[in-house]
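Biologist: I'd like to talk through the aromatic rings in this one. Could you put it up on the screen?

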Amino acid sequence: MTPHTKLFTPGPVEVSPKTLAAFSRPMIGHRGGEFKSLYAGILPRLQTLFGTRQPVFLSTSSAWGVMEGAIRNLVQKRALNCMCGAFSDKWLDVSQRCGKPADGLQVEWGTPITPEGLDEKLATGLYDVVTIIHNETSTGVLNPLADLAAVLRRYPEVVSVVDTVSSFSAVPIPMDELGIDVLLTGSQKALALPPGLALFACSERAFERAARATDRGYYFDFLEFKKNQEGDMTPSTPSVSHIYALQSKLDDIFEEGVENRHARHARTNALVHDWVRQQGFEFFAPEGYRSVTLTCVANNRNIDVAAWLGRVKKKHGLVFDGGYGKLKGKTFRLSNMGDETEETIGAMLAAITECLE
Ligand SMILES: *Cc1c(COP(=O)(O)O)cnc(C)c1O
């Protein structure tokens, strides 16, 4: 493989040579039989990963395209954006920029959204859409999705949108069983694909809601996705390269076994956690709410993170993340997403330890 800096950042993450080879296959037309069998061929495995019997859609955009699309398709009354970090906070801004009435359910960065907090807001009867980020990548907080979904099931008039960009396929997320209305993910984080593709699925309730919206736009119109998927196509020209890469990645995932993949993430994450404790660092997220795909480490030792990053990159050709937004320098993040194994995470930890002082 071409010499390059290996990414241990929580997105984008390292893409395997096999995936890159699939990504660079020759082009095919997106309205022909070859494309249709490509899409139809990957659909059942996508449905298994999504835990849904609904169709799974392929959007040539990053995740934000579908996140904004969800607001435009679904909000007719008022959105409640659950906010606990950089990505989830931004969703309120996006709702407002789409011209939709919206409020935030804001908690302090590093803490999770609680079922009680959500229930209290929904009890006002003001809202018809709730957005939740499952794994808040900026803070390393894994929100208690099953508990939040249980609250949401008591409010059938509220449509839920759940972002799983950095947790998808690393932990079980049974969309239908939880009653999630829109589940979405992106390509360059938990799936370890190149950036530029988003995947999502919608419940019947979400389609019914969208059908009543008069300003869905075109590119992210959920009903256009549905209509085209029925013929194994996408509304507009998709990034076929991404779909080849996704097909290859699904082969990898199902060859490994979905449960084995979950277990591998748990093991590699535990290695990082052990390292954090051994080094006398602290976790930014509280116990019980820690991501299994990345670790957001509090810089309680007051290390010069930027200088440390520079030494690691120069000496070992790998990078981790020096903290997102206002957490820059106060935290750093180590990713175990995608294809990482005990061996590669062990090597990363050895490299960063060597360069620590
Ligand atoms: C990275 C990320 C996004 C945004 O993804 P883009 O690919 O930049 O659109 C959204 N949500 C979460 C949780 C993320 O980690």
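Predicted model: local features only at pLDDT ≥ 70, side-chain atom pairs only at ≥ 80, totals over all residues.

Biologist: Take Phe57 and Phe207: what kind of aromatic pair do they form?

Modeller: Their centres are 6.1 Å apart, with 65 degrees between the planes. Planes over 60 degrees apart get their own class, so Phe57 and Phe207 count as edge-to-face.

Biologist: How many residues apart in sequence are the parts that this pair ties together?

Modeller: Phe57 belongs to strand S2 (residues 56-59), while Phe207 is in helix H8 (residues 204-211). Phe57 is buried at 0% relative accessible area, and Phe207 is buried at 5%. The sequence separation that their pair bridges is 150 residues.

Biologist: And Phe281 with Trp308, is that pair stacked or edge-to-face?

Modeller: Phe281 is in the loop between helix H11 (258-278) and strand S11 (282-283), and Trp308 is in helix H12 (residues 305-316). Both residues are buried. The ring centres are 6.4 Å apart and the planes sit at 15 degrees; under 30 degrees is the cut-off, so the pair is stacked.

Biologist: Which ring does the charged end of Arg25 sit over?

Modeller: Elsewhere, Lys326 lies over the face of Trp109, 4.1 Å from the ring centre. For Arg25, the charged end is 4.0 Å from the centre of a ring, and that ring belongs to Tyr244.

Definitions and conventions:
Residues numbered from 1 in each chain as written. Heavy atoms only, no water. Phe/Tyr/Trp six-rings, centres within 6.5 Å; stacked < 30°, edge-to-face > 60°. Helix = DSSP H or I, 4+ residues; strand = E, 2+ residues; numbered from the N terminus. Buried < 20%, exposed > 50% of the residue type's maximum accessible area, 1.4 Å probe, protein only. Lys NZ or Arg CZ within 6 Å of the ring centre and 35° of its normal.
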